[in-house]
Amino acid sequence: MSNNYKIKLFQDEAARCINELYKKGYLPNEKMGDVSVRDPESGYVFISLKPGTLPLRELSEYHGSDIAVVDKDGNPVTHHTIPSDNLALHLAVYKARPDVNCIIHTYPIWSSLFSERKEALPYVLVEQVEASTNVKCVESAPSMTKEYINEVVEKLGDQIYVLLYHFGSLSVGANVDHAINYLAWMESVARKITHASMIGELKYINNTVGQLVTEGFEYNTGTNYNVFNDYDQILFKEEVARGTRLLNLRGYSPSGESGDTSVRDLKTGLIYISGSPTWCFQRDLRDARGWERFVTDINETIYVPWSEPTCEWPMHVAIYRKRPDVGAIVHTHGEWASVFACIGMDVPLSIIGEGLTGVIPCAKFANAGTHEVANNTAEALVAADCCIMSNHGAVAVGRTMDEAMDKVAWMEQACQKAYYAILASGGVKADARKAIQKLSAE
Ligand SMILES: [Zn+2]
């Protein structure tokens, strides 16, 4: 491949990153952040322009050929456009992190609530622990001095995200899609924790990961893939893949790749479950494919040893064991169910205006991917079709994938209504003027 052609491909990738962030609302205009992509082979860095370099009406007009290109020390490789003023920060992160090939600097809304208080993200949800995301906050005022850049590199450490006082946040990943997912993910964690803190006491968890049930198993990637390919088996695998894609498409997977689904063939007893997103090497859950699905039964037999399942697969199995009527399960880290998960509370249905009584029960906390969490969740679903999972997310069950998905949709709305009903009916009323005074004095 000619060098110029390769440069163009990386420029296109950086422009795609900017376009995606603009579409998703993370980059309202070119002053609100900068992104870069690195070619690990040449070490070239492809970075946003200094704002105002081009007369753009909006960021969707940014094209690959506009992107500035420099070598690893910042010397220009192309000369027609001017790189962002924050180039030195990007270069320093790349020097410290050979695993990183994309850096996104933006001013995201929910993260800034923490960064402006100079606070790290507390551990409240197991999704933070699972990925050991220890998100710290850089407390110095921003500048491009050596001291400041060193503090950013040090606080970022080997993590995927770091908060920056008065300067937004950095999200880093091995590629553009990972860095965008991480940004969306940490924003959703910050948002869930903030919403929850407004109606109750947050339940903190420590950052020790439980012993994953998956850890004992060896998955053999060299096995013959051509089994479990009877027509109905293919249909079941495709149905789980469709459910997994729906998690993302319907917005129940704020990070892009959290949550999982399964279906059971009530005739054969075979259970088909989502693959682990890392193992599938997905961009996000929209990439889920049938052949990657994991096949098991209520005795946890492994039928497809090449396929690594989601770490939550024992939970699916435990629920099927307790509920012989259930043919599909959907587990989400959905926005509003997670708010109640952060405070470990049952969701009262009498206040949501649907003439219902009772609650959406909240299952007891246990570490993700353990038999303990599997049993706690299955227990909560003995008498209900939906439940919250403390410090984690939610689960809905049904006879079919669509029935379970409908229940997830209902549950998310019920949680949102309950949340606002609680907030609107008194609670602590924020006073805008007092809040502004307090915040500006800090
Ligand atoms: Zn989960």
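Ser188 is buried, because 22 other C-beta atoms lie within 10 Å; a residue counts as buried if 20 or more other C-beta atoms lie within 10 Å of its own, as exposed if 12 or fewer do, and as partly exposed in between, with C-beta atoms placed from the backbone. The model is a predicted one, in which local features need pLDDT of at least 70 and side-chain atom pairs count only at pLDDT 80 or more, whereas totals for chains, interfaces and linings use all residues. Residues are numbered from 1 along each chain as its sequence is written. Ser188 belongs to helix α6, which comprises residues 176-197; helices (H or I, at least four residues) and strands (E, at least two) are DSSP runs numbered from the N terminus. Residues up to four places away in sequence being excluded, Ser188 touches Pro254, Ser255 and Glu335, where contact denotes C-beta atoms, placed from the backbone, within 7 Å. A separation of 9.7 Å is found between the C-alpha atoms of Ser188 and His333, which are 145 residues apart along the chain.

The protein chain is divided into domain 1 (3-197) and domain 2 (213-424), with bounds that come from an automatic or database domain assignment. Their C-alpha centres lie 32 Å apart. Across the boundary, 14 residues of domain 1 are in contact with 18 residues of domain 2. On the domain 1 side, the elements that give two or more residues are α4 (126-130) and α6, and α6 supplies the largest share, nine residues. By class, this side of domain 1 has seven nonpolar, three polar and four charged residues; Ala, Val, Leu, Ile, Met, Phe, Trp, Tyr, Cys and Pro count as nonpolar, Asp, Glu, Lys and Arg as charged, and the others, Gly among them, as polar.

The largest nonpolar core has 124 residues, of which Ala14, Phe340, Cys387, Ile388 and Cys415 touch the most other members. Such a core is a set of buried Ala, Val, Leu, Ile, Met, Phe, Trp, Tyr and Cys residues joined through C-beta atoms within 7 Å. Helix α6 gives the most to this core, with twelve residues, and at least three residues are drawn from each of domain 1 and domain 2. Contacts of Ala14, beyond four places in sequence, are made with Val35, Ser36, Val37, Phe46, Ile47 and Ile67.

In the protein chain as a whole, 13 helices and 16 strands are assigned, and 47% of the 442 residues count as buried.

In helix α5 (residues 146-156), Ile149, Val152, Lys155 and Leu156 are buried. These residues lie on the same side of α5, because they cover an arc of only 135° around the axis, the arc being that of the directions from the helix axis to the C-beta atoms. Lys146, Glu147 and Glu154 are exposed on the other side of α5. The buried residues of α5 pack against α2 (87-96), β5 (137-138), β6 (161-164) and β7 (168-173). Gly157, which follows α5, has a positive phi near 55°.

Notes
Contact = placed C-beta atoms within 7 Å.
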